[in-house]
Amino acid sequence: MKVISLINEKGGVGKTTLATHIAAGLAIRGYRVVLADADPQGHATVSLGLRKEPGLYDLLVRDAPFKDVLRLVPGDVYGIAGEPPKGELYIIPSNAETRNIANTISDPFTADDRLRELEDLIDVVVFDTSPTPSLLHGAIYLATDGIVYPTKLEALSFDGLVESLARRRDFETRRQHGGKDNIHILGIVPTMFRSSTVVHQENYAKLKSAYGDLVWSPIVMRTIWVEASTVGMLVYPFAPDSDAAVECWSMINRVIQGMQL
Ligand SMILES: Nc1ncnc2c1ncn2[C@@H]1O[C@H](COP(=O)(O)OP(=O)(O)O)[C@@H](O)[C@H]1O
Ligand SMILES: [Mg+2]
């Protein structure tokens, strides 16, 4: 089982969009996936048609069994019409109580310990995170194997990216004490890219010169993302042949390669 987290300490950069589409895309391709919603806003939960509830809080604070917190997402919510997903997608839902996890858990390895219970049942856990760093992020840094960093091609998103990369380094020593390998930086995904906007082209070039091959192909700014989310759908069922879906599949191939799934 591999744990992947979507992190950027800036809001509105595409973390939830990519977390839901990576988790669902992997389930379509045949993996058994858990999407852990670690944002008190619960937008990953809602995007998959589920109601907000204290799933992550119950798991980490009340020590609830997984059978009580995992919610199976029906294949027709995220899959392509007429082609049932080959795998399974579960979600650990979130609500405002997620905000209290950080003040309540005493052992920072709690999330890591709990997720290990899924070792033989699940192939991939995907964390959607909130932008504001907290002790819950600490628990996620100790549990995750890899990180994908979505970023807009704008100065404040870059700032969030740099802060996030630094924060990861803070946890490497703790991980070593806990007998864990370093976190694998899977990639940096430029999101909401407008190829005809000069400042976006310049910032994309800056990102490439700073981080080289870690920078993945951009996800282009397209109305279809907003249209799909407005009707409560992912792009796979909403527009399976769209360029947005094609960009998602290329991102998913990189996740599969990078994490050796
Ligand atoms: N490629 C894109 N083109 C257009 N809109 C996008 C794209 N990616 C994400 N969005 C929209 O941008 C908003 C913020 O994205 P979201 O994933 O919620 O960011 P975060 O989780 O980092 O706060 C959402 O309304 C989403 O639908
Ligand atoms: Mg979000």
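**The ligand shell and the central strands**

The shell around ligand 1 is made up of six nonpolar, eight polar and two charged residues. The model is a predicted one. In total, 16 residues surround the ligand, and the closest of them are Lys15, Thr16, Thr17, Met221 and Trp225. Two elements, H1 and helix H11 (223–230), each give two or more residues to this shell.

Strand S4 spans residues 88–92, and because four of its five residues are buried, it is largely enclosed by the rest of the structure. Strand S2 (residues 32–38) runs parallel to S4 and is joined to it by five bridges; in this pairing Leu35 stands opposite Ile91 of S4. Strand S3 (residues 71–72) is antiparallel to S4, with two bridges joining them, and here Leu72 stands opposite Tyr90.

In soluble globular proteins, nonpolar side chains tend to be buried together. The largest nonpolar core of this model has 73 residues, and those with the most contacts inside it are Ala23, Val33, Leu35 and Val126. Helix H1 (residues 15–29) supplies the largest share of this core, eight residues.

Leu35 links several of these parts. Leaving aside residues up to four places away in sequence, Leu35 touches Ala19, Thr20, Ala23, Ala44, Leu89, Ile91, Val126 and Asp128. Among these contacts, Ala23 and Val126 also belong to the residues with the most contacts inside the core, while Ile91 is the residue that Leu35 faces in S4.

How values were computed: Residues are numbered from 1 along each chain as its sequence is written. Chains are lettered from A and ligands numbered from 1 in the order in which they are written. This is a predicted model: local features need pLDDT of at least 70, side-chain atom pairs count only at pLDDT 80 or more; totals for chains, interfaces and linings use all residues. A residue is buried if 20 or more other C-beta atoms lie within 10 Å of its own, exposed if 12 or fewer, and partly exposed in between; C-beta atoms are placed from the backbone. Two strands pair if DSSP finds at least two bridges between them. A nonpolar core is a set of buried Ala, Val, Leu, Ile, Met, Phe, Trp, Tyr and Cys residues joined through C-beta atoms within 7 Å. Two residues are in contact if their C-beta atoms, placed from the backbone, lie within 7 Å. A residue is near a molecule or strand if its C-beta atom, placed from the backbone, lies within 6 Å of it. Ala, Val, Leu, Ile, Met, Phe, Trp, Tyr, Cys and Pro count as nonpolar, Asp, Glu, Lys and Arg as charged, and the others, Gly among them, as polar.
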